[in-house]
Amino acid sequence: QVQLMVSGGGLVQPGGSLRLSCAASGSIFSIRAMGWYRQASGKARELVATITSGGSTNYGGSVKGRFTISRDNAKNTVYLEMNSLKPEDTAVYYCNAEIVGLVTYQGRDYWGQGTQVTVSS
């Protein structure tokens with residue numbers, strides 16, 4: 001069994017910063033890509049950022065230059081550093097990881113619980 005545990009999030013003023021963390025645990029053989037997605041109220045879920053096991057990153061257009069994704073492979077953890085936050089960044093943020101399990105040795109997508117990020121004065 002594999003779990004993704006998300007921490008961070010909360011209320012921040014415009015221009016502020018927040019850091020999200022997502023730690024994978026359980027019967028893990030390896031972790032391929034990890035990433036963050038978000039869903040604002042009434043909108044579809046959208047890509048925020050992804051990072052491969054080798055460290056290659058990809059960002060959604062609206063967060064480029066403001067958000068930074070990173071990962072610690074030894075800790076099976078992915079981070080999202082969010083700077084210069086705007087009210088339009090308000091959303092529920094979800095962690096995602098493609099994990100190869102010890103039982104099946106096949107990769108599948110896992111999702112963490114969402115965490116609310118609210119940017120408001």
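This is a predicted model: local features need pLDDT of at least 70, side-chain atom pairs count only at pLDDT 80 or more; totals for chains, interfaces and linings use all residues.
View 1. At 48% relative accessibility, Tyr105 counts as partly exposed. Residues are numbered from 1 along each chain as its sequence is written, and side-chain values use heavy atoms, with hydrogens and water left out. Tyr105 sits in the loop between β9 and β10 (107-111). Strands (E, at least two residues) and helices (H or I, at least four) are DSSP runs, numbered from the N terminus. The phi angle of Tyr105 is near 55 degrees, a positive value in a residue other than glycine.

**View 2. A nonpolar surface patch that includes Tyr105.** Phe29, Leu102 and Tyr105 make a nonpolar surface patch of about 330 Å². Patch residues have over 30% relative accessible area and no salt bridge; nonpolar side chains (Val, Leu, Ile, Met, Phe, Trp, Tyr) are joined within 5 Å, like charges within 9 Å. Accessible areas come from the Shrake-Rupley method with a 1.4 Å probe; for residues, only the protein chains shown count as cover.

**View 3. Ser84, another residue with positive phi.** Ser84 is found in the loop between β8 and β9. Its phi is near 50 degrees, a positive value in a residue other than glycine. Ser84 is partly exposed, with a relative accessible area of 40%.

**View 4. The Arg32–Glu98 salt bridge.** A salt bridge joins the side chains of Arg32 and Glu98, at 3.0 Å from N to O. Arg32 belongs to strand β4 (residues 28-39) and Glu98 to strand β9 (residues 91-101), so the pair ties together parts that are 66 residues apart in sequence. The term means a side-chain nitrogen of Lys or Arg within 4 Å of a carboxyl oxygen of Asp or Glu. Side chains of opposite charge can pair when their charged atoms come close. Both partners are partly exposed: Arg32 has a relative accessible area of 40%, and Glu98 has 26%. Five salt bridges are found in the whole structure.

View 5. Which residue pairs with Arg38 at 2.9 Å between the closest N and O atoms? The partner is Asp89. This pair links distant parts of the chain: Arg38 is in strand β4, Asp89 is in the loop between β8 (77-82) and β9, and they are 51 residues apart. Salt bridges that share partners join Arg38, Glu46, Arg66 and Asp89 into one network. In the bridge between Glu46 and Arg38, the closest N and O atoms are 2.6 Å apart. Are these residues buried or exposed? Arg38 is buried, with a relative accessible area of 5%. Asp89 is also buried, at 0%. Glu46 is partly exposed, at 35%.

**View 6. The largest nonpolar core.** This core has 31 residues; Trp36, Leu80, Met82, Tyr93 and Ile99 touch the most other members. Two or more residues each come from β1 (2-7), β3 (18-26), β4, β5 (46-51), β7 (67-72), β8, β9 and β11 (115-119). Which element gives the largest share? It is β9, with five residues. A nonpolar core is a set of buried Ala, Val, Leu, Ile, Met, Phe, Trp, Tyr and Cys residues joined through side-chain atoms within 4.5 Å. In soluble globular proteins, nonpolar side chains tend to be buried together.

**View 7. The surroundings of Leu80.** Neighbours within four places in sequence are left aside here. Leu80 is in contact (heavy atoms within 4.5 Å) with residues including Leu18, Leu20, Trp36, Val48, Phe67, Ile69 and Tyr93. Arg19, Ala49 and Thr68 are also among its contacts.

**View 8. The setting of the close-ups.** The protein has zero helices and eleven strands. Its C-alpha trace spans about 45 × 25 × 25 Å along the principal axes. Of its 121 residues, 40% count as buried. Residues 24 or more positions apart account for 55% of the contacts with a separation of 6 or more. The protein exposes about 6300 Å², with carbon and sulfur atoms supplying 46% of it.

Technical notes: Buried means under 20% relative accessible area, exposed over 50%, partly exposed in between (1.4 Å probe, protein chains only).
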